[in-house]
Amino acid sequence: MVDALLAVAASDRAAAVEAVAAAAVAAPGDRLPAALLRYLRADADGDVYRSPDALTRFIDGGSNRALYAALHTALRARYEQMAPGSLLDLGCGDGRVVVAVAGSGLRRIDLVEPSAALLDLAVAALAGGPAVVAGHAVTAAAFLAGLGADDHWDVVQSTFALHTLAAADRAAVLRALVARADRVLIAEFDVPSFDDRRDEHAAYAVDRYEQGLREYDGDEVVAQGFLMPVLVGQFDPGTVRHTHEQSAATWVDELRDAGFGTVTVHPLYPYWWADAVLLEATR
Ligand SMILES: C[S@@+](CC[C@H](N)C(=O)[O-])C[C@H]1O[C@@H](n2cnc3c(N)ncnc32)[C@H](O)[C@@H]1O
């Protein structure tokens, strides 16, 4: 399976299919060879966020339930202390996190989400609440680049969304955030540092995705519509990449480099892909 991912990284789909097919025969009980073989043979376009179905089923299932419960508890505790009046959520998805954690004191909520279908769900989920809600169907970088001099929020949150940014965009987004918020809360995965798309990365992904697939046994929408495109996107230079992940220590360094004076890391949940953490940054 490691050879298969390295073949994907070398843009050699034929060799990848051959290696996965051999792994499927050698380990018929494993979930990953069968799922990856099906995905590679289907030659899908890999855009996981265009339609909400696969993402929402993924978050609704497996250990995401416990992960999101831990996330909600941690954010609610911060917001009870801070009592923010305004909140910006970058990459809000279907809005489930902001709905779960928004206190009644929020007067203004801005939602940034490039998938129009997901943004519609998020805006609808907050409709009728006490806050004025504005949805922005753009990327985080485009939204921040278009702000006026006085635009500012009490808190900016981004949950499992900033890893969608490539390194160059990420640095610019983190720099832009320093002047925009009193406090920034970022939920991310503490993924070990390894050389991108090399042996160690592939071995880690093979081990972890086998675990992840087992949490969704029999759910083809999640396996083929979310997990396999995210995995292949990590390795295939010719397809859309949804994850540019890194260690919590690197997130801390990048937030400090961007201009945040205090950055703390709180453990959230031991997730199958990597430990989830909450990064808290202030100027
Ligand atoms: C794993 S989902 C997390 C969604 C939500 N924050 C949650 O915790 O349920 C990642 C989200 O980031 C969004 N996204 C992708 N690229 C983005 C970008 N450049 N700027 C902002 N959000 C982005 C995706 O559309 C998706 O909704």
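How far apart are the mean positions of the positive and negative charges of the protein?

## Charges and model

The mean positions of the 23 positive and 39 negative charges lie 3 Å apart. Here Lys and Arg count as positive and Asp and Glu as negative, leaving out His and the chain ends; each charge is placed at NZ of Lys, CZ of Arg, CG of Asp or CD of Glu.

This is a predicted model, in which local features need pLDDT of at least 70 and side-chain atom pairs count only at pLDDT 80 or more, while totals for chains, interfaces and linings use all residues. Residues are numbered from 1 along each chain as its sequence is written, and side-chain values use heavy atoms, without hydrogens and water.

## Overall fold

The protein has twelve helices and seven strands, taken as DSSP runs (helices H or I, at least four residues; strands E, at least two) numbered from the N terminus. Its C-alpha trace spans about 60 × 40 × 30 Å along the principal axes.

Of its 283 residues, 52% count as buried, meaning under 20% relative accessible area with a 1.4 Å probe, protein chains only. Among contacts (heavy atoms within 4.5 Å) with a separation of 6 or more, 72% come from residues 24 or more positions apart.

## A look at Asp-110

Let's zoom in on one residue. Asp-110 sits in strand 2, residues 108-112, and is buried, with a relative accessible area of 3%.

Its side chain makes a polar contact of 2.8 Å with that of Arg-108. Such a contact is a pair of N or O atoms within 3.5 Å; within protein, one must be able to donate a hydrogen and the other to accept it, and residues adjacent in sequence count only if both atoms are side-chain atoms. Leaving aside residues up to four places away in sequence, Asp-110 touches Leu-87, Leu-88, Asp-89, Ala-134, His-136 and Trp-153.

Terms used
Buried means under 20% relative accessible area, exposed over 50%, partly exposed in between (1.4 Å probe, protein chains only).
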